[in-house]
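Here are my notes for anyone opening this one for the first time. Have the sequence and the 3D view side by side as you read.

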Amino acid sequence: MATDLTSPLSATAETNVAITLTPPVARRSRPYVRHWRLMLAATVLVLIVLSAIFAPWLAPVDPDAMDLAAALQAPSHLHWFGTDPLGRDVLSRTLFGARMSLFIAFCAVFLAGVAGAAIGILSAYFGGWIDGMVMRAADIQYALPPVILAMVLIGIIGPNTSNVIIVITLTNWARFARVLRAEALSLSQRDFVLLARLAGASPWRIALRHLLPGVRDTFLVLLTLDIGLIIILESALSFLGLGVQPPTPSWGSMISDGRAYLENAWWISVMPGLMLMLTVLAANQLGDAFRELRYSAREVE
Amino acid sequence: MLMYMLKRIASALLTLLAMSALIFVMVRLVGDPAHLLMPPEATDADRALFRQQLGLSDPMPIQYARFLAGLVKGDFGNSFHFGVPALSIVLVRLGPSLTLTLAAMAAALLVGVPLGIASAVWKGRLVEHVMKCFSVAGQAAPPFFFALLMIRFFSVKLGWLPTSGYGGWRHLLLPVLALGWYSAAGLARLTQANLLKVLGSEYILVARLKGVPERHVVLGHALKNALLPIVTFAASQFGILIGGAVSIEAVFAWPGFGSMMVESINQLDFTVVQAAVIVSTLLFILINLAVDVLYAWLDPRIRYGH
């Protein structure tokens, strides 16, 4: 048992040496390629995104084309993912569902990330009542789980694609703001920022040229780790009927549609669910590997 | 410590006040209840009377003041749809949700923490690989999808457990497993990572060198210090569990808080939505305060104000 664990003293000594000896250039390019988990996850994710983008060309048939004669068919060489009660091809619907789910998720992650980062950095820089206001707003977002807050907001402004994106952004910006504010705060105490200020750099220049590059790593890691969370949030909303409205397919609503047929036509729910699972899995692995690479040096410090 | 708690309570009350203002304004943005709820053939005079009766014809700040005064007395107004106090509707549904959430939390702790400990102690062995698969899978799908897979397998195929409904432990088992998996996965990973970190520190080496049995080193010396981040993480999982419970309740026809939210949103019953938001915010604040107390109890450095 105990022998399995490497001696703590030698472990720290080794990592310290590794840090001092690794030149910054090597950390920048090579490890990404060598990191097989990161490459595999990235490849899977890229393939899924490409299949979503090219769904109109890849899908065997029109996702809304009904064929009642071919209703509820099990997966076969004709319909790889089977058909639903209206005889629609589940594979085609899953591909088009990917389009909708991933479009919403990527837009929302991007908007929440950029808005949260900007708010966090600016509130760290300006401090005072602006900072107080921003942190209170973050408290409000944190006062309820994102799903519940998003449900209420959707109930009020109505479910459609752009509203879902807006609502997911509104319920997810605060994590970015809090983390990046903390990072920017500690950075702004550092000598190079003080020196820049002494040299007469404008606040905007300091925020953009000195603070932003310093928090970039954290930002990118948060962004990748959030993709999986937000795909799950979007699927929960559309599963509850508060996301994209039928007949437009999205993964969550497809999984919900198949609930009544779990007994004799499991593929209606399970196929889009497995696609969703594969996507979130790849996104999570990408985020984890990315974090490991970026922080392996920093955490030891 | 006392000052710290008072500060926390003050900031929590501020959040609650802000949330109540926000939900109050938003609900009134949806539209005039006199149009949403009355039949189309109602006359303008009927609508005016309706507004008068609900106090909707007064200016907004007065309505909000009345709303706040009601909140303090525990009066959240009547449900538009059922005509009974909104708070009672919310409270009736809170019980089943709390049962589900707390059971899922307990299951996540009971599975996740021991799995994390085992995979830290036997790093590189089978148990670590099992833990990795368990946690990667658990974090890759929404709980409602696991729920459907479990219903398909355990209820439809094997016929061991009921497919849905509210009742004894047999009804509770599948929802709890589906809901708790995600949190158990995170807990297992975090426990392993923290325990490994602590096991690498010098005081553990000293304990081992002076001949403390390995079991005591891990469960006594190391786990105590690895526990703090685990408590923080477990607390953060309450939100995730309550959020996940919404879709789990929909799958299992569980008469909980989440399914009530979905119903009242679909019925435009915004007094109930309003009450639900405020009650759950309050609940959340209480959970976080309880965690703060637990934290201080676990970590003497906080208790003595260092």
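1. Confidence comes up at the start, so a word on pLDDT: it is the predictor's confidence in each residue, on a scale from 0 to 100. For chain B the average pLDDT is 83, and 96% of the residues score at least 70. The model as a whole scores ipTM 0.85 and pTM 0.85.

2. Some housekeeping. Residues are numbered from 1 along each chain as its sequence is written, while chains are lettered from A and ligands numbered from 1 in the order in which they are written. This is a predicted model, where local features need pLDDT of at least 70, side-chain atom pairs count only at pLDDT 80 or more, and totals for chains, interfaces and linings use all residues.

3. Start with chain A, which has 14 helices and zero strands. (Helices are DSSP runs of H or I with at least four residues, strands are DSSP runs of E with at least two, and both are numbered from the N terminus.) Of the 301 residues in chain A, 44% are buried. Buried here means that 20 or more other C-beta atoms lie within 10 Å of the residue's own; exposed means 12 or fewer, partly exposed is in between, and C-beta atoms are placed from the backbone.

4. Two residues are in contact if their C-beta atoms, placed from the backbone, lie within 7 Å.

5. Which residues of H7(A) are buried? They are A:Val134, A:Ala138 and A:Gln141. These cover an arc of only 55 degrees around the axis, so they sit on the same side of H7(A). (The arc is that of the directions from the helix axis to the C-beta atoms.) The buried residues pack against helix H6 (90-126) and helix H10 (173-188) of chain A. On the face turned away from the buried side you'll find the exposed residues A:Gly128, A:Trp129, A:Gly132 and A:Met133.

6. Next, look at A:Arg88, in the loop between helix H5 (55-58) and H6 of chain A. A:Arg88 counts as buried because 24 other C-beta atoms lie within 10 Å. Apart from neighbours within four places in sequence, its contacts are A:Pro63, A:Asp64, A:Ala65, A:Met66, A:Thr83 and A:Arg93.

7. Chain B has 13 helices and zero strands, and 38% of its 306 residues are buried. A compact globule of 306 residues would have a radius of gyration near 19 Å, but chain B has 24 Å. (That radius is taken over C-alpha atoms, and the globule rule is 2.2 Å times the number of residues to the power 0.38.) Along its principal axes, the C-alpha trace of chain B spans about 85 × 55 × 30 Å.

8. Finally, the interface: 46 residues of chain B are in contact with 36 residues of chain A. Among the elements of chain B giving two or more residues to this side are helix H1 (2-29) and helix H12 (270-298). By class, the side of chain B that touches chain A has 31 nonpolar, ten polar and five charged residues. Here Ala, Val, Leu, Ile, Met, Phe, Trp, Tyr, Cys and Pro count as nonpolar, Asp, Glu, Lys and Arg as charged, and the others, Gly among them, as polar.
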